[in-house]
Each structure stands twice: as C-alpha cells, then as structure tokens.
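Good morning, and thank you for joining. Please look at the structure on the screen, and I shall then go through its salt bridges, its strands and one surface patch.

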Amino acid sequence: LFDSGRAELKKEALPTLKEVAKIIATLDAPVIIEGHTDNIPILSKKYRSNFELSAARAFGVINYFINSENISPERFSALGYGEYRPIASNETEEERAKNRRIEISIIRKS
C-alpha cells in the first residue's frame, strides 16, 4: 500500500479502500486503523521513527475515509505499530512491501 519511508497511499490502494468505505458507511460502529512499516530504519526529516511513519499511514487512511468518502471523523481511531508487528519476514523487498500496510478493525458493539 505504501512506498518505503512514505505515508502517501499508492493509487492502487484506492479502489480497495473505496469498497471498504462502502461497508463502513453501512455500519454504526467504531473503526480502528492500524499502521505498520517494514524494518528499514527511517531516514527522513518528516518522520523521526517507524512509529511516527506507521501512525501517519493510519491517519492517511482516516483522512481518505473522511475527505473522499464522507465518513464521520468521530468513528475513527488510529494506532501506529512501527516495524514491531510484521506479517512477513522483512528479508526481501517483496516481504518488506507486505509489512508496509494498514489494518482496519470494525468494532462490533455488544
């Protein structure tokens, strides 16, 4: 979903996010957006750590849902996990790309 060291969504992610937004819009439930990074140390003036970068990724998705899909902002929370919850090994570029992601959780009210 993201280039290394960047928080801007790739355009290829937008059709999927648009479909997710349709689901979110039909539900009256809180939504948590979690951001993740690969394990490459961040070398940026904009982000001081992978924690900051991962949080920026989460906020980027929230901004998309609010500004492009008109979903109410009070529905969303953001978390950034940096490089510490990988789903792939980080040994190759392909594996690192899998870790540059967000996860969306819709919280069911009991």
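I begin with D38, which counts as buried because its relative accessibility is 3%; buried means under 20% relative accessible area, exposed over 50%, and partly exposed in between, with a 1.4 Å probe and protein chains only. This is a predicted model, in which local features need pLDDT of at least 70 and side-chain atom pairs count only at pLDDT 80 or more, while totals for chains, interfaces and linings use all residues. Residues are numbered from 1 along each chain as its sequence is written, and side-chain values use heavy atoms, with hydrogens and water left out.

Which residue forms a salt bridge with D38? The partner is R100, and the closest N and O atoms are 2.7 Å apart; a salt bridge here is a side-chain nitrogen of Lys or Arg within 4 Å of a carboxyl oxygen of Asp or Glu. D38 sits in the loop between β1 and α2 and R100 in the loop between α3 (93–99) and β3, so this pair ties together parts 62 residues apart in sequence. Helices (H or I, at least four residues) and strands (E, at least two) are DSSP runs, numbered from the N terminus. R100 is likewise buried, at 4% relative accessibility.

In helix α3, R96 and E93 are three residues apart, which means a separation of about one helical turn. They form a salt bridge whose closest N and O atoms are 3.6 Å apart. R96 counts as buried at 17% relative accessibility, whereas E93 is partly exposed at 43%. Through shared partners, salt bridges join D38, E93, R96 and R100 into one network.

Across the whole structure, the search finds 11 salt bridges. Among them is the pair E19 and K22, with closest N and O atoms 3.1 Å apart. These two are three residues apart in helix α1 (residues 14–26), and so about one helical turn separates them.

I turn now to the strands. Strand β1 (residues 31–35) and strand β2 (residues 76–80) run parallel and are joined by five bridges; two strands pair if DSSP finds at least two bridges between them. From β1 the chain passes through helix α2 (residues 50–67) to β2, in a right-handed β-α-β crossover. Right-handed means that, with the strands pointing away from the viewer, the path from the first strand over the helix to the second runs clockwise.

Finally, strand β3 (residues 102–106) contains I106, which counts as partly exposed at 35% relative accessibility.
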